[in-house]
Amino acid sequence: MEPEDLTDPDLEAAIAASLRDFHDDGADPVDEPQQNVVDLTAESDDDEVIPVFPKSKSVIGSDTDADEDGAEVEDEDDDENLKRAIALSLQGSEDTANNPPNPSHGNREPCPPPETETSAADHAPSQSSGLLGLNRKKMEEERLARIAKRKADDVGDVDHRPAKHSKNESNQPARQGSSGSVPTEYASKIGVPQARHETVESKPRLPNPSRTPAVQFPKGVVKKTYAQYCPRTGDDITIEEVFQRSDLELAVLSSFLWDMEWLFSKIDTNRTRFLLVMQAKDELTKRQYEAETASMSNLRLCFPPMEGQVNCMHSKLMLLFHPGYLRIVAPTANLTPYDWGERGGVMENSAFLIDLPLKAGTTSVGSMTTFQEDLVYFLRASTLHDNIISRLDEYDFSQTTHIMLVHTIGGSHTGDAWRRTGYCGLGRAVNALGLRTSKPINIDFVTSSVGSLTDEFLRSIYLASQGDDGITDYTLRTSKTFPARNPNERNQLIHKTTGAEWKNRFRVYFPSQTTIEQSRGGPDSAGTICFQSKWYDSPKFPRHVLRDCKSRRPGLLMHNKILFMRPDDPIRLPNNPNSHSQCRGWAYVGSANLSESAWGRLVQDKTTKQPKLNCRNWECGVLFPVIDNQKLDSDSSDSSGRVSNNSNSSAKEAKAIESANMLDVFGDTVPVPMMVPGRRYGPGLKPWFFMG
């Protein structure tokens, strides 16, 4: 894909000018309320069709995710559900403009779902707008109209513009000042936290990232997303600081939801080429997307395979190619303004970033790091063009030896492939970094959607976080007698109680009804936070693991998906026996919510009788450890390298202590977004239920 093949100056100049003028003319999108973007959530054996809320044409996404997540719909219903969801997602943005939800919080119920089903034809976009929401003719007409309006304004007194600006400010919610705070007179009206909420944490601890292109994060970093009206403390990042647009040559972007006009306003469309990795379940949708973008010669599309049981392309990954370096980003956020803290600052996310410089001329061509190998493996499975994948060889991945890419590739995986993806791949990643442990661990999982959880599923995540590749969990579910021999290590026995301590050591953070109602955006901003009461009320649902999820930045809701793992004792790193390096914990940051759809399920293949991993989603994230060089206590550190098999010790039976400082080990390495300890659910406190 050569640069000269991807340029259409006239078209791109018109689009870029239209978008640029839109923002230069004073139009400020930050105060528009979030659309009711909702995902389908259903159990894997549930044929029920759940209607979705409409959203703006400029936001696209099929909304068939079980999570955003959790959704698992039977194969024969997938195509019809997808078409209906796409049709609903394309309803006119004028509906949102004419009937905007109040961004202030309040005791309101979410908008009810449509009472009657509608066909795709009923909500088909106009011919000029298309599926991607890009009405290029209208954009150009609006641009010319704005130019004419500005010329007319220039004829008048030069003092008119400041007067107009003051008038606009008086009629709209407060805008963020240079300090990141909001005038007190507006705070109570829009639900913005006032000064009394500010603590020592509100003062900057780290320098803010820069929009100026440069290698800023050579060893990797995790940042919170910026949130309008919240003070910046150095641990957050804006979408402009992520893109560093001034010399961005190629942006490979994947997302579940897209706001195209917003996205193109953040990047120089005259300079940058795009490759968008998108969900398209059927060939008709693929052809429609391709037709809509055919005239944009600097844009290409990629559609990961979604045959059979695969229900959702939920992965969020960015490859940002600059002249001297490659930036890799694994965010929890979609490519929409709400997920990146704009339009009222009602939602927060997180993102892992690492900058890899071009290889020096003297750099020898060595073997790939495991991180690079897994990245290439995932991109090839996604059917990304080989020319882009081959470009990765131009960059120095030597600083990625301490991190791992953890992905879920949609479909069924047999042979040895099942070990490389889903929760089996998580266990493989833990093992590859030398972080496998036989001792008890503690898990705190922040999720924006909760699936139909079971004891077995949570135990599988717990064992994978200890370093099990899935075979221990598989044996516990399939063996008829215990103790059973581990198929991987014949001299190791798996007891029926293996991993049973997870029940006292696994916490799941999900917001309560009260937290949603008291948030800055209220229930209207909780469209991508999904849970169903029928699951919570199920006798098999492990309710004891749930905790209320409140942001450390008051008033914000979360779209985070972060797994925090802490061992009771530090784990000695095996690479250098004489080193004092140890791991006090690690975090997974990525797109995967807490559901079987996101992490997969290892079953027995009916034909071969061998393990087979079934995954309904595409997901992607990074495992990022917290490493220090303090001297280890040889009696307490763990380097055994085996998964626990005996749950009778007092350490395993003891309940993990929850305290306000229990996640302090992550410090500035992985910013902890929620307040701990979280309040347990029970009388007087119930989770937020999307479907009642």
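## Model and conventions

Local features require pLDDT of at least 70 in this predicted model, side-chain atom pairs count only at pLDDT 80 or more, and totals for chains, interfaces and linings use all residues. Residues are numbered from 1 along each chain as its sequence is written, and side-chain values use heavy atoms, with hydrogens and water left out.

## Overall fold

The chain holds 18 helices and 26 strands. These are DSSP runs numbered from the N terminus: helices (H or I) have at least four residues, strands (E) at least two. Of the 692 residues, 57% count as buried. Buried means under 20% relative accessible area, exposed over 50%, and partly exposed in between (1.4 Å probe, protein chains only).

Contacts are heavy atoms within 4.5 Å. Among those between residues at least 6 apart in sequence, 80% join residues at least 24 apart.

## Active-site annotation

An unreviewed UniProt entry gives "active site" for His314 and His559. The two are spread over 246 residues of sequence but cluster in space, with a largest C-alpha distance of 13.1 Å. UniProt positions follow the numbering used here, feature names are shortened, and annotations may be inferred rather than shown by experiment.

His314 sits in the loop between E8 and E9. Its relative accessible area is 0%, so His314 is buried. A polar atom of the His314 side chain lies 3.0 Å from the backbone oxygen of Ser591. His559 is in the loop between E20 and E21. His559 is also buried, at 0% relative accessibility.

## Binding-site annotation

For "binding site", the unreviewed UniProt entry lists Lys316 and Lys561. They gather at one spot, because no two of their C-alpha atoms are more than 11.5 Å apart, although they span 246 residues in sequence.

Lys316 lies in the loop between strand E8 (312–313) and strand E9 (317–321). Lys316 counts as buried, at 0% relative accessibility. A polar atom of its side chain is 2.9 Å from the backbone oxygen of His314. Lys561 is in the loop between strand E20 (557–558) and strand E21 (562–567). Lys561 is buried too, with a relative accessible area of 0%. The side chains of Lys561 and Ser448 form a polar contact of 2.6 Å. Such a contact is a pair of N or O atoms within 3.5 Å; within protein, one must be able to donate a hydrogen and the other to accept it, and residues adjacent in sequence count only if both atoms are side-chain atoms. Leaving aside neighbours within four places in sequence, the contacts of Lys561 include His314, Thr332, Tyr588 and Asn593.

Ser465 belongs to helix H13 (residues 455–466). Ser465 is buried, at a relative accessible area of 0%. A polar atom of its side chain lies 2.9 Å from the backbone oxygen of Ile461. Beyond four places in sequence, Ser465 is in contact with residues including Leu426, Ile443, Met565 and Trp586.

## Cavities

The structure holds 11 cavities of 30 Å³ or more. A cavity is a set of points, on a 1 Å grid over the protein atoms alone, where a 1.4 Å probe fits but cannot get out; lining residues have an atom within 4 Å of a point. Points are joined across faces, edges and corners, and a volume is the space filled by probe spheres set on them.

The largest cavity has a volume of about 100 Å³. Of its 15 lining residues, the closest to the centre are Ser254, Val277, Leu317, Phe378 and Leu379. Strand E4 (250–254), E9 and helix H10 (370–381) each give two or more residues to this lining. E4 supplies the largest share, 3 residues. By class, the lining has 12 nonpolar, 3 polar and no charged residues. Ala, Val, Leu, Ile, Met, Phe, Trp, Tyr, Cys and Pro count as nonpolar, Asp, Glu, Lys and Arg as charged, and the others, Gly among them, as polar.

Terms used:
1 Å grid on protein atoms, 1.4 Å probe; cavity = no way out; pocket = protein on both sides within 12 Å on 5 of 7 lines; lining within 4 Å.
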